[in-house]
Amino acid sequence: MVGLEPLLYRLLNNKRGQVSHLLDKNDVQRILIIRNNRRIGNMYFLIPFVCQMRRNYPDAHITLMLNHPWQREVFRRIGVDEFVFSYFSTREMNKFSQVMMEQRKKEYDIIILPYSSVEDTMITAMLRAKNKIAGDNARRNAAFTHTFKKDDDRLHAAFSCLYLLSALGNTLPSSISHHLVFSQKELSDGVLAKKRIYQGERLCFAYFRGARGDKRVSDSTWLTLINKFENKSPRPIQWVEILSPDITTPLREGTVTFKTSDMRHLACVLKEMDAFICCDTGPLHLADAARVPCVGLYNKTNPEVFGVIGSRSINVKDINYIDVSNVFTVLGVSDSKRGVG
């Protein structure tokens, strides 16, 4: 199938309206960003690219194509004008076909793929745009008018695709936000929910045990971690375990728990905690994007690519020999009444 990829894109390729030159920024009025990946963490990694696209094309109409409607919540209030959902999957092929029929009626100035994938390249090939932009990939280049080799040293998944914007002639700031944007009501609801959970003067640490496959650590490891934190903490800790459809009972009997299906509400609740501890999975990157001080536990994946990036967060690779004292230092936790804002 790898050898058939270029042929597939040539067969699908819609070249109507294409131009060989890169459009001037002032001529770019309609932009389509395509990202069909369904993993939660990868949605948060897309935030910097979308924010920078809005910053560099302030007057353009930006459409973001995602896979399913729930993903829209990640990008609320960061400058997306329109959302389209592809429903790309074998189970929902009828929906996908209907979406593509509607999209093929439109012409964009730019279609851009922050991350290369077979699915996104197929969709790009089918649609109309003057410029179709992606990273260089020998198997997929046939679907695009312009492709670019990565020419910077950004490794992290949240920033690794920004070279595409530089290649289009845009200047990037030295500091690039990866943060969610919340309404005042969302923030107030988070404060109220936290008060219902705990109102004392202990440090309030939340944790979530879920993760995909080998990224998950055992319950015995979690118990050891909790004991280490309690032994080294400058103040008593109030633990709050985040539950989910996969984790319905707490690790320790009597532990305070919190559960919600609303990821934005979860983020606003976690913002009121002193820290959040989690393996490399969606809720960790949600919390990081919400400016929560995080302790990311990395036993399989590379934190240089998938790590938490907040200034008061820390990635832990050697979980069994974690330096808890250093963790408290990074988190900014002290023996004062409120260690972390």
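A salt bridge is a side-chain nitrogen of Lys or Arg within 4 Å of a carboxyl oxygen of Asp or Glu. E241 and R209 form one, with their closest N and O atoms 2.5 Å apart. E241 sits in strand β8 (residues 237-242) and R209 in the loop between β7 and α8, so this bridge ties together parts that are 32 residues apart in sequence. The model shown here is predicted. The points below start with the whole chain and then turn to single residues.

**The whole chain**

- The protein chain contains twelve helices and twelve strands.
- Its radius of gyration is 22 Å, close to the 20 Å that the globule rule gives for 341 residues, so the chain is as compact as a globular protein of that length.
- A box of roughly 65 × 40 × 35 Å, taken along the principal axes, holds the C-alpha atoms of the protein chain.
- Of the 341 residues in the protein chain, 54% are buried.
- Take the contacts between residues at least 6 apart in sequence: 62% of them join residues at least 24 apart.

**Surface and charge**

- The protein chain has an accessible surface of about 16,000 Å².
- Carbon and sulfur atoms account for 48% of that surface.
- The protein chain carries 48 positive and 35 negative charges.
- The mean positions of the positive and negative charges are 3 Å apart.

**Salt bridges**

- How many salt bridges does the count give? The count comes to 17.
- R209 takes part in a salt bridge with E241 and in another with D219.
- In the pair of D219 and R209, the N to O distance is 3.0 Å.
- D219 belongs to helix α8 (residues 219-232), while R209 is in the loop between β7 (203-208) and α8. These two residues are ten residues apart.
- Are R209 and E241 buried or exposed? R209 is buried, with a relative accessible area of 5%. E241 is buried too, at 0% relative accessibility.
- D219 is partly exposed, with a relative accessible area of 38%.
- The side chains of D152 and R154 also meet in a salt bridge, at 2.8 Å from N to O.
- D152 is partly exposed at 23% relative accessibility, and R154 is partly exposed at 25%.
- Salt bridges also link five residues in a network: E73, R76, R77, E186 and R264.

- Most residues other than glycine have a negative phi.
- Y87 is not a glycine, yet its phi is positive, at about 55°.
- Where is Y87? Y87 lies in the loop between β3 (82-85) and α4 (93-103).
- R291 is a residue other than glycine as well, and its phi is positive, near 70°.
- R291 is placed in the loop between α10 (282-289) and β11 (294-297).
- Is each of these residues buried or exposed? The cut-offs are under 20% relative accessible area for buried and over 50% for exposed. Y87 has a relative accessible area of 17%, so Y87 is buried. R291 has 55% relative accessibility, so R291 counts as exposed.

- A134 is part of strand β5 (residues 128-135).
- A134 is buried, with a relative accessible area of 2%.
- Which residues does A134 touch, leaving out those up to four places away in sequence? A134 touches L113, F144, H146, T147, F148 and L164.
- P250 is 116 residues from A134 along the chain. The C-alpha atoms of A134 and P250 are separated by 45 Å.

**Helix α3**

- Helix α3 (residues 47-56) is mostly covered, with nine of its ten residues buried.
- Those buried residues are I47, P48, F49, V50, C51, Q52, M53, R54 and N56.
- An α-helix has 3.6 residues a turn, so residues three or four places apart point the same way.
- What do the buried residues of α3 pack against? Among their partners are the strands β1 (30-34), β2 (61-66) and β4 (107-112).
- The buried residues of α3 also pack against the helices α2 (40-45), α6 (163-167) and α10.

Terms used
Residues numbered from 1 in each chain as written. Predicted model: local features only at pLDDT ≥ 70, side-chain atom pairs only at ≥ 80, totals over all residues. Heavy atoms only, no water. Helix = DSSP H or I, 4+ residues; strand = E, 2+ residues; numbered from the N terminus. Rg over C-alpha atoms; globule rule 2.2 N^0.38 Å. Buried < 20%, exposed > 50% of the residue type's maximum accessible area, 1.4 Å probe, protein only. Contact = heavy atoms within 4.5 Å. Areas by Shrake-Rupley, 256 points an atom, 1.4 Å probe, with all protein chains shown as cover. Lys, Arg positive; Asp, Glu negative; His and termini not counted. Charge placed at Lys NZ, Arg CZ, Asp CG, Glu CD.
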